[in-house]
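Reader: I have some questions about the terms used for this model. Please set each value against its definition.

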Amino acid sequence: MKIKAVKGTRDFYPQPMAVRNFIIDGWKEASLRNGFEEYDGPIFEYLKMYQVKSGDEIVEQLFNFEDRGGRHLAIRPEITPTLARMVNQQINALPRPIKWFSVPRLCRAERPQKGRLREFFQWNIDIIGVDSVLADAEVIFTSIDYLRGLGLDADDIKARISSRKLLAAFLKSAGIAEDQLESIYPVLDKKPKLPPEAFDELLLKSIPDSDIAEKVQKFMVLDDVAKIAAMSDGSEELEDAIAELAELFRILDNMGIADYCVFDPGIVRGLAYYTGVVFEVHDVVGELRALCGGGRYDNLLSDFGGPSVPATGMGMGDCVLEILLREKGLLKDDKLQTKKIDCFVAYASGEFAGEAVKLTAELRGLGVFTDFSYKGGNLGKQLKKAASAGASHTVIIGQEFADGGKYVLKTMATGDQAEVTPESLYEMVTRDKG
Ligand code: HAM
């Protein structure tokens, strides 16, 4: 019986694994550089945790199951609910602000497509306990800080920023009742993902008044906060939301990333828990799905039975990112090493095989990353193996060892060879390791 991998999953052979590590190591470094601490949670949780506030789209995409004790569980499709649960559990003990990051492996039963799989890795950064837009700005800054560090500049990517507060105030001023808002957000979020006619049809289903629906369509394509101010009906809620966005853009300018940031009221976000600033980073060409998305979710902790504590954050998946980096020629696969060998031990003939094993073990014990060939044989072949493993030195055990207990040490970069005693060999290879 031939068993295949499940649709939408990936097998990480050593080369793709090196790419995955390159992405994740960068996420971790950018998090630490921006003052975040790492956390993690379990890979499955109670199913109901995702049914409370994540929204229908994610609930439809859950991998859920019943365990032997009859518990209804789900594999995590995102980590934000876990974070809210964990913070709630220790809310009085945790010093605030909480600035945490995580790189969970997530599963969503989505239809696999370009940049969307059923299992993926997602970088999360979240700031809990700060209601100022300075925290939203820091989340956006940290995302851009990582992406620009990879070589993506403001012509390649843009953070598209809006606000749920602004949208709510606008929708209400356009005549939509407060209790309808939550059902309209996921519809508006579908706009960039659907052909225009399909979206129009969907919109008219949730906003049957065509005048209001038209107003909403017009609002979603405005490109300047000032144009919204001109449309304002003078409601305090709308004025506050506009002022908050203006403040956010001032801070982003001060942080030096204004050229990466644009206002886009078409950004709504599909998840139900967002309450304030929302953003997504997209490739400028606009052919790919979002690189990342996030925003403020001030009610999630209290929705989970905790106190009312403000929060903001974002998630970035590895799939679209990898596609974009390849398209831009910024992923140098061939430079990513799958092995990290410093020293290779080769032997001129079978009689030295035991000595090679002994020396390899000794060097490994000294902390030197060392390998050798099981088969031995032709010295040329062993040297090739050493080169492809990326070894900086090869120790050759041969006649010099039989005659005077010395090794031949070959420096791979220059090809220089020298006879060395065991003591000086240890000294040289460990010194080279730093
Ligand atoms: P999200 O928009 O559902 O937000 O996902 C964020 C990012 O995760 C997406 O922009 C994409 O890069 C990646 N992603 C999502 N689904 C898939 C998939 N099926 N395959 C590959 N990549 C995917 C959230 O998950 C929020 N919890 C983020 C957040 C954290 N908001 C506040 N804090």
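Reader: Why is Gln122 called buried?
Author: Its relative accessible area is 11%. Buried means under 20%, exposed over 50%, partly exposed in between (1.4 Å probe, protein chains only). Gln122 has 11%, under the 20% limit, so Gln122 is buried. This is a predicted model: local features need pLDDT of at least 70, side-chain atom pairs count only at pLDDT 80 or more, and totals for chains, interfaces and linings use all residues. Residues are numbered from 1 along each chain as its sequence is written, and side-chain values use heavy atoms, with hydrogens and water left out.

Reader: What makes the pair Gln122 and Asn124 a polar contact?
Author: Their side chains are joined at 2.8 Å. A polar contact is a pair of N or O atoms within 3.5 Å; within protein, one must be able to donate a hydrogen and the other to accept it, and residues adjacent in sequence count only if both atoms are side-chain atoms. The 2.8 Å pair is within 3.5 Å, so the name applies.

Reader: Which residues is Gln122 in contact with, leaving aside neighbours within four places in sequence?
Author: Among them are Trp27, Ser102, Arg108 and Met316. Contact means heavy atoms within 4.5 Å.

Reader: Why is Glu78 called buried?
Author: Its relative accessible area is 2%. That is under 20%, so Glu78 is buried. The side chains of Glu78 and Thr80 also form a polar contact, of 3.5 Å.

Reader: What covers Glu78, Thr80, Arg108 and Gln122 in UniProt?
Author: The annotation "binding site", from an unreviewed entry, covers residues including these. UniProt positions are given in the numbering used here, feature names are shortened, and annotations may be inferred rather than shown by experiment.
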